[in-house]
Amino acid sequence: MNVHTIRLDEVDSTNTYLRRMETLPDADIVVVTAGHQTAGRGMGSNRWESEDGRNLLFSMLVRPEGVPAARQFALSMAEALAVKDALDPIAGGVTLKWPNDVYWHDRKISGTLIETAISGRLVKDCIFGTGINVNQRVFRSDAPNPVSLRQITGRDTDMNVVLDSVLEAFEGYYAMVLDGEYDRVGRLYHDALYRRTGMHAYSDSDGRFMASVVRVGHDGRLVLRDDAGRERIYAFKEVSYII
């Protein structure tokens, strides 16, 4: 695949930069990286903490042809799997926390904000805005459980190497999505899930409960089975992990 990369020292948000570009490069994947984001975003009102030049901040734009809007979560799964593939050989113990966070054991090492544009019944384009904690030594925000590769391994890691690994892995998973192999991508995602086995604590609008993961549907909703044997189905932000 043809990948076009734009490298910036500083930007408000790499997602916003891509979205406001009037003319996009003629490439399968357009990537924007930044040493610092002045308004880096997470889901909702969350902000992404990143020390200048110490972490990998980038956005990818893809324009998948023929992917139904109903299957757009397959793109999210593909990107999350790519980040896991890049980090696991370095850190080990890397899993995917639904919907699109990447964890090292019980600590968050990466998060992605996904913005999808729909045209009719198809995905028009998708921007993945990803932050990976690479070389930051200390986190000072009130985020509950961040961790970096530097904290795990005790040494700095070349961020360009990490980005290249993410892109190489993403090309493979993205090709699966374009080929309509949604179930294959879904199985790989499920096998990589954080808390894939066993009963664990969660919380929803009714309070705390214990449950196990059943599956993540093609629509991106999480299906849990509680300790009473009842299935509970959740969209994003409707359930919280108690860690």
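Which residues lie nearest the centre of the second largest pocket? I find Q72, F73, S76, I114 and F236 there, out of 18 lining residues.

Ground rules first. This is a predicted model, where local features need pLDDT of at least 70 and side-chain atom pairs count only at pLDDT 80 or more, while totals for chains, interfaces and linings use all residues. Residues are numbered from 1 along each chain as its sequence is written, and side-chain values use heavy atoms, with hydrogens and water left out.

Pocket entry. A pocket here is an open set of points on a 1 Å grid over the protein atoms alone, where a 1.4 Å probe fits, with protein on both sides within 12 Å along at least five of seven lines; lining residues have an atom within 4 Å of a point. I noted a volume of about 240 Å³ for the second largest pocket, volume being the space filled by probe spheres set on the points. β6 gives the most, with four residues. Helices (H or I, at least four residues) and strands (E, at least two) are DSSP runs, numbered from the N terminus.

Sheet entry. I read an open sheet of seven strands, ordered β1-β2-β3-β7-β6-β5-β4 with mixed pairing; two strands pair if DSSP finds at least two bridges between them. Its edge strands are β1 (3-11) and β4 (94-97), each pairing on one side only. I also looked up β3 (residues 56-62) and β7 (residues 122-132), which pair in the antiparallel sense over seven bridges. V62 stands opposite C126 in β7.
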